[in-house]
Amino acid sequence: AEVSPVSGFSFNEEPVATEMAQMSSVTSEYKFMSLYDDFDSRYKDYLTKMKQAGSEKYLAEVQKQLDVWLKANGKK
């Protein structure tokens, strides 16, 4: 088995705690969207709300921290 190159990485949630709470709320609101006939439109709404909640800021922060960690650990 191969060891993941990110094994040992630990994400610091503090910089995006607000966005994580907002995204969690959106996820809770849409957790049963697959049960509805209008899945496609509900999914589009979900993605829009996730973006409004800060998903892009969250992903950018994860990538930033991962890049720093990879460089510090000689993996990139």
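**Helices and their packing**

Modeller: This is a predicted model. Helix 2 covers residues 39-53, and its 15 residues at 1.5 Å each should span 21 Å. The end C-alpha atoms of helix 2 are 20 Å apart, which agrees with that span.

Biologist: Within what arc do the buried residues of helix 2 fall, seen down its axis?

Modeller: The buried residues of helix 2 are Tyr-46, Met-50 and Ala-53. Seen down the axis they line one face of the helix, because they fall within an arc of 60°.

Biologist: Which helices do the buried residues of helix 2 pack against?

Modeller: Contact here requires heavy atoms within 4.5 Å. The buried residues of helix 2 pack against helix 1 (17-29) and helix 3 (55-72).

Biologist: Are helix 1 and helix 2 roughly parallel or antiparallel to each other?

Modeller: Helix 1 and helix 2 pack with their axes 8 Å apart, at an angle of about 165°. Angles over 145 degrees count as roughly antiparallel. Helix 1 and helix 2 are therefore roughly antiparallel.

Biologist: Which residues of helix 1 and helix 2 make the contact?

Modeller: The crossing of helix 1 past helix 2 is right-handed. The contact is made on the helix 1 side by Glu-19, Gln-22, Met-23, Val-26, Thr-27 and Glu-29, and on the helix 2 side by Tyr-46, Lys-49, Met-50 and Ala-53.

Biologist: How far apart are the end C-alpha atoms of helix 3?

Modeller: Helix 3 has 18 residues, which at 1.5 Å a residue should span 26 Å.

Biologist: What arc do the buried residues of helix 3 cover around the axis?

Modeller: In helix 3 the buried residues are Ser-55, Glu-61, Gln-65, Leu-66, Trp-69 and Leu-70. They sit on the same side of helix 3, since the arc they cover around the axis is only 160°.

Biologist: Is Ser-55 buried or exposed?

Modeller: Ser-55 belongs to helix 3. Setting aside neighbours within four places in sequence, Ser-55 is in contact with Met-23 and Met-50. Its relative accessible area is 15%, and the cut-off of under 20% makes Ser-55 buried.

Biologist: Which residues does Pro-15 touch, not counting those up to four places away in sequence?

Modeller: Pro-15 is in the segment before helix 1. At 42% relative accessibility, Pro-15 counts as partly exposed. Not counting residues up to four places away in sequence, Pro-15 touches Lys-57, Glu-61 and Gln-65.

Biologist: What is the relative accessibility of Tyr-30?

Modeller: Tyr-30 is in the loop between helix 1 and helix 2. Beyond its neighbours within four places in sequence, Tyr-30 is in contact with Arg-42, Asp-45, Tyr-46 and Lys-49. Tyr-30 counts as buried, at a relative accessibility of 7%.

Biologist: Which residue just after helix 2 takes a positive phi?

Modeller: Helix 2 ends at residue 53. Just after helix 2, a positive phi of about 115° is taken by Gly-54.

Methods:
Residues are numbered from 1 along each chain as its sequence is written. This is a predicted model: local features need pLDDT of at least 70, side-chain atom pairs count only at pLDDT 80 or more; totals for chains, interfaces and linings use all residues. Side-chain values use heavy atoms; hydrogens and water are left out. Helices (H or I, at least four residues) and strands (E, at least two) are DSSP runs, numbered from the N terminus. The expected span of a helix is 1.5 Å times one less than its number of residues. Buried means under 20% relative accessible area, exposed over 50%, partly exposed in between (1.4 Å probe, protein chains only). The arc is that of the directions from the helix axis to the C-beta atoms. Axes are lines fitted to C-alpha atoms, for helices over the stretch in contact, and angles run from 0 to 180 degrees between N-to-C directions. Angles under 35 degrees count as roughly parallel, over 145 as roughly antiparallel, 65 to 115 as roughly perpendicular and the rest as oblique. A crossing is left-handed if the near helix is turned anticlockwise from the far one by less than a right angle, and right-handed if clockwise.
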